[in-house]
Amino acid sequence: MPSTDARGTARRTQRADARRNVAAILDAATDCLARDPDTSIARIAAAAGVGRITLYGHFSTRAELVDAVLARTTDTGGDPADALARLVAASWQLVHQFRNILLAAHRELPAERIRGVHDPILRRVQSLIGRGQRAGAFRTDLPGHWLTTTVFSLMHAAAEDAAVGRIQPGDAAGLISATLLAAFTPPGDGPCA
C-alpha cells in the first residue's frame, strides 16, 4: 500500500535494493567528493557499483546528490556510532583543508580564540556524545567533556600525521572513527568482553 508524503502525494515504499543503492551512492559520493569536489557523476556511480541511470533515478541532478551528501554528513541523528563516523568524516575534511591556517593561528592568536572558532562544532560533538552516553552506546565512566577533548585532539593529531606523510589524508577519517569508537565503547562491550 502506498504511503503519502508531506504534501499528501502518494509514493511507493522504497524497495530494499533501492535503499541499498541509495546508501551505496551516498557512501561513494561522500568519499569521492571529499577527495575531489569536481568528481564526475560517472565516477561516483562507478564507485557505488551502479550505473549512471540508476544514480539519476534516485538523484535527478548533481546538485540534488550534493545536497543529500551534505545533509547526511552533518546529520547527527540516528545511531550515535554511525553519527559520530559521519561527523568525523565531514569535520576531517575541514581540519585537513585548513590545517595551515590553523598553524598560523596557533602562532599568532591566543588559545581561547582558536578554541572559540571550534565551539560550534564542539557543541555538536558534545551533544552527540551526550546522546550516545544516554543511549548506552558511549561510555559513561568518563566525563563527556573529556570525550569531546579526545575528538578535538585526535582530529588535529591526524592532521599533523597527514601533513608529514605518516598517514594518507584519505585514510584519516576511517582511522579517527575507528580509534574514537574503540575509545568510546563502554567497558565490557568490546569484542573481548
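This is a predicted model: local features need pLDDT of at least 70, side-chain atom pairs count only at pLDDT 80 or more; totals for chains, interfaces and linings use all residues.

Visitor: How many helices and strands does the protein have?
Guide: The protein has nine helices and two strands.

Visitor: In what order do the elements run from the N terminus?
Guide: From the N terminus on, the order is β-β-α-α-α-α-α-α-α-α-α.

Visitor: What share of the residues is buried?
Guide: Of the 193 residues in the protein, 30% are buried.

Visitor: What about contacts between residues at least 24 apart in sequence?
Guide: Among contacts between residues at least 6 apart in sequence, 59% join residues at least 24 apart.

Visitor: Let us turn to helix pairs. How does one describe two packed helices?
Guide: One gives the angle between their axes and the distance between the axes.

Visitor: At what angle do helix 1 and helix 2 pack, then?
Guide: Helix 1, residues 16-35, and helix 2, residues 41-48, pack at an angle of about 125°, and their axes are 8 Å apart. Helix 1 is therefore oblique to helix 2.

Visitor: Is their crossing left-handed or right-handed?
Guide: The crossing of helix 1 and helix 2 is right-handed.

Visitor: Which residues meet there?
Guide: Helix 1 contributes Ala24, Ile25, Ala28, Ala29, Cys32 and Leu33, and these meet Arg43, Ile44, Ala47 and Ala48 in helix 2. By class, the contact of helix 1 with helix 2 has nine nonpolar residues, no polar residues and one charged residue.

Visitor: Now for helix 5 and helix 8. How far apart are their axes?
Guide: The axes of helix 5 (residues 80-97) and helix 8 (residues 144-163) are 10 Å apart, and the two helices pack at an angle of about 50°. Helix 5 and helix 8 are therefore oblique to each other. Helix 5 passes helix 8 in a right-handed crossing.

Visitor: Which residues make that contact?
Guide: From helix 5 come Val88, Ser91, Trp92, Val95 and His96, while helix 8 supplies Met155, His156, Ala158, Ala159 and Ala162. The contact of helix 5 with helix 8 counts seven nonpolar residues, three polar residues and no charged residues.

Visitor: A change of topic: is Ser177 buried or exposed?
Guide: Ser177 lies in helix 9, residues 169-184. Its relative accessibility is 10%, so Ser177 counts as buried; the cut-off for buried is under 20%.

Visitor: What does Ser177 touch?
Guide: Leaving aside neighbours within four places in sequence, Ser177 is in contact with Ala85 and Val88. Val88 is also among the residues of helix 5 that contact helix 8.

Visitor: And where is Leu102?
Guide: Leu102 is in helix 6, residues 99-108. Leu102 counts as buried because its relative accessibility is 17%. Beyond its neighbours within four places in sequence, Leu102 is in contact with Ile114, His118 and His156. Leu102 and Ile114 are 12 residues apart in sequence, with 8.1 Å from C-alpha to C-alpha.

Visitor: Lastly, where is Gln168 found?
Guide: Gln168 is in the loop between helix 8 and helix 9. With a relative accessible area of 52%, Gln168 is exposed.

Technical notes: Residues are numbered from 1 along each chain as its sequence is written. Side-chain values use heavy atoms; hydrogens and water are left out. Axes are lines fitted to C-alpha atoms, for helices over the stretch in contact, and angles run from 0 to 180 degrees between N-to-C directions. Helices (H or I, at least four residues) and strands (E, at least two) are DSSP runs, numbered from the N terminus. Angles under 35 degrees count as roughly parallel, over 145 as roughly antiparallel, 65 to 115 as roughly perpendicular and the rest as oblique. A crossing is left-handed if the near helix is turned anticlockwise from the far one by less than a right angle, and right-handed if clockwise. Contact means heavy atoms within 4.5 Å. Ala, Val, Leu, Ile, Met, Phe, Trp, Tyr, Cys and Pro count as nonpolar, Asp, Glu, Lys and Arg as charged, and the others, Gly among them, as polar. Buried means under 20% relative accessible area, exposed over 50%, partly exposed in between (1.4 Å probe, protein chains only).
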